[in-house]
Amino acid sequence: MIQRFIELGEGYGDIYELRQLMESNKERFMHGFVFVSKTKDGQPVISVAAAFRPALEGNFMPIYLCREGIPDGSKRLAVFEETVKQLGHEPIRMDVKHSSQYADTKLYFGHLIAILRLNHYIPPMQ
């Protein structure tokens, strides 16, 4: 199974696109994640992500992400968390390193996938 992050943006208007994806694919929705990291100057920033089961055909598991553009306690974060709860789940909050600590976003996404697998939030590689 291929598991991949699909970056929608930094959580401004695209948070509403993520909400629409979650609501229109509620039968495939697995988990909603809130990743907390700190910028170089120590300011907390939030990324939100939604993991979906693979489509009936294919072996691709998407994880849609709005990366590091949401301040903690903002209305946009509340919109995401409310949507996750409406779908019958609890948002999973995790502290992670900021993506700027990685040479490439592919390495950052690989690290997040490893964390999610180790915590059994997404299935292991097959």
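Colleague: Which residue is the bridge partner of Ala49 in E4?

Modeller: Leu65 is the bridge partner of Ala49. Strands are DSSP runs (E, at least two residues), numbered from the N terminus. Note that this is a predicted model: local features need pLDDT of at least 70, side-chain atom pairs count only at pLDDT 80 or more, and totals for chains, interfaces and linings use all residues. Residues are numbered from 1 along each chain as its sequence is written, and side-chain values use heavy atoms, without hydrogens and water.

Colleague: And what stands opposite Val48 in E4?

Modeller: Cys66. E3 (residues 44–52) and E4 (residues 60–70) pair in the antiparallel sense, over five bridges. Two strands pair if DSSP finds at least two bridges between them.

Colleague: How many bridges join E2 to E3?

Modeller: Nine, and the two strands run antiparallel. Ser37 has Val45 in E3 as its bridge partner. E2 and E3 form a hairpin with five residues between them. Gly42, in the turn, has a positive phi of about 90°.

Colleague: Why is E3 largely enclosed?

Modeller: Eight of its nine residues are buried, so the rest of the structure largely encloses E3. Buried means under 20% relative accessible area with a 1.4 Å probe, protein chains only.

Colleague: Switching topic. What is the strand order in the sheet?

Modeller: E1-E4-E3-E2-E5, an open sheet of five strands with mixed pairing. E1 (2–9) and E5 (92–95) are at the edges with a single partner strand each, so one side of each has no neighbour in the sheet.

Notes: Helices (H or I, at least four residues) and strands (E, at least two) are DSSP runs, numbered from the N terminus. Buried means under 20% relative accessible area, exposed over 50%, partly exposed in between (1.4 Å probe, protein chains only).
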